[in-house]
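Trainee: Please go through this model with me slowly. I would like a close look at a single part, with the rest of the chain as background.

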Amino acid sequence: MITIKDVFEDYKQLNNIYDSTEMEALTLLVISEISKLSKASIKAFPERELSTEQSEVLKTILTRLQTGEPVQYILGETEFYGLPFKVSPSVLIPRPETEELVEWILSVCGGHFAQNSDQFEGAILDIGTGSGCIAISLKKNLPNANVSAVDISEPALQTAKDNAVLNQVEVHFVHSDILDWRAQDSKFNMYNLIVSNPPYVTPHDKQQMHTNVTDHEPHSALFVPENDPLLFYNAIADFALLKLPTKGLLFFEINENYGNQTVEMLQKKGFTDIVLKQDMSGRDRMIKAATI
Ligand code: GLN
């Protein structure tokens, strides 16, 4: 029989991949998922014994974690904005920075379009939805909004659809390549708010990325060519100029190295009220812009 304490000891083998805080959080998460015990009780009762079956599963998970596979893919799920999301290697794992983007949208939406968020009845489009985390968390918090989400990847759309069912919200999913939107115009309507967290990592940034990310997460969701880091932002801004009415809002998650360039591009195209916002690490991470 092994105890909770033994598992913490065993998982210290991950110290070549994770620092001690990450490792502790990861071990706690995995034990809690497998044993169905709360994190508080795991911490409070380290001598508690686990079943043979549970200890076997924990060993298998440790082996996978040692290869650098993200825990979210191993467990097949994660949490975003307090909601559960299924994830698979066909979708990017939702990031905390993106939760900040959702929070910003929700705080702006209330005041900009309606007295409070419950009264917002406008149309929202999330471009490059992946797991559906932005679209679904917006719909959950803006119950009267009409939310659509588009992605180029069929498997990603399938995951996003499963996540809409899991979270009991209605989102209209569209399969399309946004870079080719002019040829696929019939798939889109008019929207009051467009949001996107498109691929924005350049081959240059890749060198600083953890192999947990680069070896396991979908490259089509992460990377853009070095010579055109604003590829998606340009296309989406043009799309938004036609698909947003007056006083429509466009929100982006951005590459921290291209904040000012993205703002300039939006200014040139005629957007107004442009705000560049930092994430909790103080990095340029989000932009809001309005149509005139
Ligand atoms: N923020 C993600 C990362 O650094 C990238 C997200 C994206 O390309 N849209 O891993």
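Trainee: At which residues does UniProt place the feature "domain: Release factor glutamine methyltransferase N-terminal"? After that, please take the sheet strand by strand.

Mentor: Keep in mind that this is a predicted model. The UniProt record, an unreviewed entry, places that feature at residues 28-76. A domain assignment divides the chain in its own way, into domain 1 (2-67) and domain 2 (81-290). The C-alpha centres of these two domains lie 34 Å apart.

Now the sheet. Seven strands form an open sheet, and reading across gives the order E7-E6-E5-E8-E9-E11-E10. Strand E7 (172-175) is one edge and strand E10 (272-278) is the other, each pairing on one side only. From one strand to the next, the twist averages 15 degrees. In general, strands of a sheet pair through backbone hydrogen bonds, either parallel or antiparallel. The pairing in this sheet is mixed, and two pairs illustrate it.

Take the parallel pair to begin with. Strand E5 (residues 123-127) and strand E6 (residues 146-151) run parallel and are joined by five bridges. To find the pair in the structure, look for Ala123, which stands opposite Asn146 in E6.

The other pair is E10 with strand E11 (residues 284-290), which is antiparallel and also has five bridges. Here Val275 stands opposite Lys288 in E11. E10 and E11 form a hairpin with five residues between them. Gly282, in the turn, has a positive phi of about 80 degrees.

Helices lie across the sheet as well. Helix H7 (residues 133-141) lies across E5, E6 and strand E8 (193-196), and runs at about 175 degrees to E6. Helix H12 (residues 231-243) lies across E5, E8 and strand E9 (249-253), with an angle of about 170 degrees to E8.

Next, follow the chain out of E5. Gly128 is found in the loop between E5 and H7. The unreviewed UniProt entry includes Gly128 in its "binding site" annotation, together with Thr129, Gly130, Ser131, Gly132, Asp151 and Asn197. These residues are spread over 70 residues of sequence, yet they cluster in space, with a largest C-alpha distance of 11.7 Å. The entry also places the feature "domain: Methyltransferase small" at residues 119-207. That span is 29% helix and 21% strand, and its end C-alpha atoms lie 45 Å apart.

How values were computed: Residues are numbered from 1 along each chain as its sequence is written. This is a predicted model: local features need pLDDT of at least 70, side-chain atom pairs count only at pLDDT 80 or more; totals for chains, interfaces and linings use all residues. UniProt positions are given in the numbering used here, feature names are shortened, and annotations may be inferred rather than shown by experiment. Two strands pair if DSSP finds at least two bridges between them. Helices (H or I, at least four residues) and strands (E, at least two) are DSSP runs, numbered from the N terminus. Axes are lines fitted to C-alpha atoms, for helices over the stretch in contact, and angles run from 0 to 180 degrees between N-to-C directions. Two residues are in contact if their C-beta atoms, placed from the backbone, lie within 7 Å. Domain bounds come from an automatic or database domain assignment.
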